[in-house]
Amino acid sequence: MSSISSRTDSEKLRVNGEQKQPPLDDKETHPNSAGPPTDAPDGGLAAWLVVFGAWCTSFCSFGWVNSVGVFQEFYQSDYLRTYSASTISWIPSLQIFFMFATGPIVGKIYDRYGPRYLTLVGTFLHVFGLMMASISTEYYQIMLSQGVCSAIGVALIFQPAISAVSGWFSKNRGLAFGILSTGSSIGGVIFPIMVTRLLGSVGYGWTMRICAFMILGLLVIANLTVKSRFPPNPQVVTRKQLIAPFHEPAFILITIGLAIFTFGLFIPINYLVVEAIDTGMDSSLAHYLVAILNAASLFGRLFTGFLADRLGKYNIFIVAAFATSLSTLAIWLPSGNNTNSAHIAFSVLYGFFSGAYVSLIAALVAQISPLKDIGFRVGLVFLANSIGAITTSPIAGAILELDNGGWTGVKVFAGVFCVVGTVFIIAARVYKVGWKITVVF
């Protein structure tokens, strides 16, 4: 995720609208200062080791969070079966919330201290939280260990690694980010299968411990390889910067649109396994749906990112967002009982098209923002999205209870919110370039 720390420093080199060549000292202390293309190594052992370390954090953070649907089903049907779906869903919702809401805070700490301490503390909290979850037997214990402690650790490890990679690449930055982003999708494939198999063979406690040991091993690598190419560079967000985005209609529209879209986006991710089993799919097959969804998301992220550079970021996001909504309302909603093929098809299509949310959300903000404010504004958007991230699954659980276990209301809720969110993104595009659909924007 982008953050305050991911901002470039080129604005510091602009004087009276002209780009100035920085002195040598500035280049040594500012990772993204304007300069010749050779300023960043764009390769070499040290640079690619940073990418590898960032890949490990991606695997252990978003890859882990992407497996929340498996835990929702297990807690609901077994470990915490005396609690309602709405109550249980606060555990995965908190994990997603911390990923979004802590962006500005983590970014500020990164600016001041760099990635080392954040990654080290995040490793401890993530692993410690999972170890504590392995010995938890009560709802509040799992909430605190997995939903809070581990989740904060996840938030601390991912963003600093992403920010560190930026300083090592210029021409090949897209390639570097493309490689590290595969970590979350691969983790989202491996963790659901791994957890499902282990729960049936060694039980909940050892499942969490084995996952924690695996994560610890990967994060040891991250701690040894992720480093910033430059000393810490604290930045001050002025009052003018804080207020400016909220005077721009396009920024307001995409902030509202993405926040609304988030309400619909995470419901299938959290509830697909539960719904599939509830409507007749064999549990041994249903548990693979999350892995299928995340595998499709890998290709969706790469494909939409590739097309966005050529056909326009807003154009591609709008098409992908509508396809995400359509797959929910046209395939998941009428899927009914005993329709394995429909559930698998939905997992593939939803995973593929929803991948654009991850790959393009920061790009949408960047396209309508001043260079110097991109990181800060992306942080604001993710902060707004965190509201939906923490509340949408409990809301869906409450709808499920009101519907006496029927899934129609939950599916309609997810699909309609995705549609409405997409409409606001279209409005932002229309505000900037009008109704001309051939404009690359």
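Me: Why is arginine 377 called buried?
Reply: Arginine 377 has a relative accessible area of 1%. Buried means under 20% relative accessible area, exposed means over 50%, and partly exposed lies in between (1.4 Å probe, protein chains only). The value of 1% is under 20%, so arginine 377 is buried. The model is predicted: local features need pLDDT of at least 70, side-chain atom pairs count only at pLDDT 80 or more, and totals for chains, interfaces and linings use all residues. Residues are numbered from 1 along each chain as its sequence is written, and side-chain values use heavy atoms, with hydrogens and water left out.

Me: How do you know that arginine 377 forms a salt bridge with glutamate 248?
Reply: The closest N and O atoms of arginine 377 and glutamate 248 are 2.7 Å apart. A salt bridge requires a side-chain nitrogen of Lys or Arg within 4 Å of a carboxyl oxygen of Asp or Glu, so the pair qualifies.

Me: What makes this pair a tie between parts of the chain?
Reply: Arginine 377 lies in helix H18, whereas glutamate 248 lies in the loop between helix H12 (239-243) and helix H13 (249-278), so the pair ties together parts that are 129 residues apart in sequence. Helices are DSSP runs of H or I with at least four residues, numbered from the N terminus.

Me: Why is glutamate 248 called partly exposed?
Reply: Its relative accessibility is 25%.

Me: How many salt bridges does the structure hold?
Reply: The structure holds three salt bridges. One of them joins glutamate 275 and lysine 411, with the closest N and O atoms 3.0 Å apart. Glutamate 275 belongs to helix H13 and lysine 411 to helix H19 (residues 408-433), 136 residues away. Both glutamate 275 and lysine 411 are buried.

Me: What makes arginine 81 and aspartate 78 a salt bridge?
Reply: The N to O distance between their side chains is 3.6 Å, which is within the limit, so the pair counts as a salt bridge. Arginine 81, at 57%, is exposed, while aspartate 78, at 36%, is partly exposed.

Me: Is valine 378 buried or exposed?
Reply: Valine 378 is buried, because its relative accessibility is 1%. Valine 378 lies in helix H18 (residues 374-402). Its C-alpha atom is separated by 8.8 Å from that of glycine 103, 275 residues apart along the chain.

Definitions and conventions. Helix = DSSP H or I, 4+ residues; strand = E, 2+ residues; numbered from the N terminus.
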